[in-house]
Amino acid sequence: MKEEEINRCQIQEWYPKFKSVSIRTLIHELPESFVQYLFDDSGIILPESVFNEDAFPNRIHNLEEEEDYQVSEGSGDEAEPSEPPSFPELEMEIKESIERLGGAVFPKLNWSAPKDSAWIAPSGTLRCTSFSEIALLLRSSDSLVNDLCHAYDSCSDKTLSRPPSFFLALRKWYPSLLPEMEFRCFVKDQLLIAISQREVTTFYPVLLEKKNDLKTLIEQFFADNVKLKFESENYTLDVYVTRDGRVKILDFNPWRAFTLPLLFSWEELEHNLQDEDHLDFRIVESRCGVRPGLKTAVPYDYVDTSPGSGWDQFLRNADEESRRQADS
C-alpha cells in the first residue's frame, strides 16, 4: 500500500470526479484549531455555539435545578472549569451548508464517518441538523482516530503521520435509504472480483430475490463509471442501489489497511478470487449467517467480546438472570 493510494480514497479527492454518480455533498476544509480540538482527549466538551444550538436540547439549563451538580466550597476540587472552545466562522459555514442540503446531513472526515458514536446522538443515528450535533459525533468517535493519527500506518512508503489538511464532508441525509441496498465492491488489479452486502448484521430476504439483478447492475455500473476513472489498481468501493435501479457511489476505501472485508476474508480476496469470468457476490442468506460482531454504530466495548469487555459482561449478566428465572 502506497501513500498515494490512501490519499485517493479521501472524499475531497474522489468526490469532485464522481459527483454526478454520488450523493450530494458539501466539503469544508477544517481550521487547524478545530483539528486540535478533535485531537484533545480531555472528555466531551462541546464548542460554544454562536446560534445557541445544543446537541443535547433536553439537558438542564436552569441554574436552580443544577444545584445538585455543583461542587461545594471546600470540597477539595478548586479547579476552575475551562472555557468551551468556539469556532464561529466554521459554525456559520456549516449552518449554511446544512440549509443548502435540506436541513439534515451526516458528517464524514477525510476517510471515515463517526458511525461508532451514533449511540450518543439524541436521534441514535448520524443525522445532524446543527454544528453542535456534528461536533458531538466527531468528538465522541474512536473510529476517527484512524483519520487523525493512523491513516498511513500500513503504507510501505510512509512519510506522513497525518494528512496536511483535514476536511469535513457534509452529506445530504436521506431518511428513505435502505441499509440492505448498500454493497461493498472489491477491486483487484482494476478488476471487480467480489461484492458483499454492507450491512451484515441483519438477514434481508428481499436480497435473495434480487441478487442476480443487483449483481448485474453493480457490475455494469463499475464498468461504465469507475474502472477507467479511479487510478488505483486495488481498492474497495461502497455503492447504494436506489429503488429505481440507479447505482450511487458512497465511498472509496483502500485495499486491506483499515477496511473490513465483511462476508469475505482478506486471504481469499488476495489469493482465491482471481477468475475474470466469475464475480463472487455474497449476501447474508439466512438468519444464521448474520455477523453481529461487525456492527459499528455502538461503542467498541460492546463489539469486543473478550473477557472483561462490555459485551462479555452483558452476556454474563444475561446468563445469571436466566438462571435466576429458571430457579424461581
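## The nonpolar cores

In this predicted model, the largest nonpolar core gathers 72 residues. The members that touch the most others are Phe-34, Ile-134, Phe-183, Val-226, Leu-237, Ile-249 and Phe-252. Helix 5, spanning residues 131-140, supplies the largest share of this core, with 6 residues.

Let's take a look at Ile-134. Setting aside neighbours within four places in sequence, Ile-134 is in contact with Ile-94, Ile-98, Val-105 and Pro-107, as well as Cys-128, Leu-168 and Leu-170.

Thr-236 sits in strand 6, which runs over residues 235-241. Is Thr-236 buried or exposed? Thr-236 counts as buried because its relative accessibility is 0%, and the cut-off for buried is under 20%.

Which residues surround it? Again leaving out neighbours within four places in sequence, the contacts of Thr-236 include Arg-184, Cys-185 and Phe-186. Thr-236 also contacts Asp-251, Phe-252, Asn-253 and Pro-254, along with Thr-259 and Trp-266. One of these partners, Phe-252, is listed above among the core members touching the most others.

## The chain as a whole

Stepping back, the protein chain has 9 helices and 8 strands. Of its 328 residues, 43% are buried. Taking contacts between residues at least 6 apart in sequence, 73% join residues at least 24 apart.

Technical notes: Residues numbered from 1 in each chain as written. Predicted model: local features only at pLDDT ≥ 70, side-chain atom pairs only at ≥ 80, totals over all residues. Heavy atoms only, no water. Core = buried A, V, L, I, M, F, W, Y, C linked by side-chain atoms within 4.5 Å. Buried < 20%, exposed > 50% of the residue type's maximum accessible area, 1.4 Å probe, protein only. Helix = DSSP H or I, 4+ residues; strand = E, 2+ residues; numbered from the N terminus. Contact = heavy atoms within 4.5 Å.
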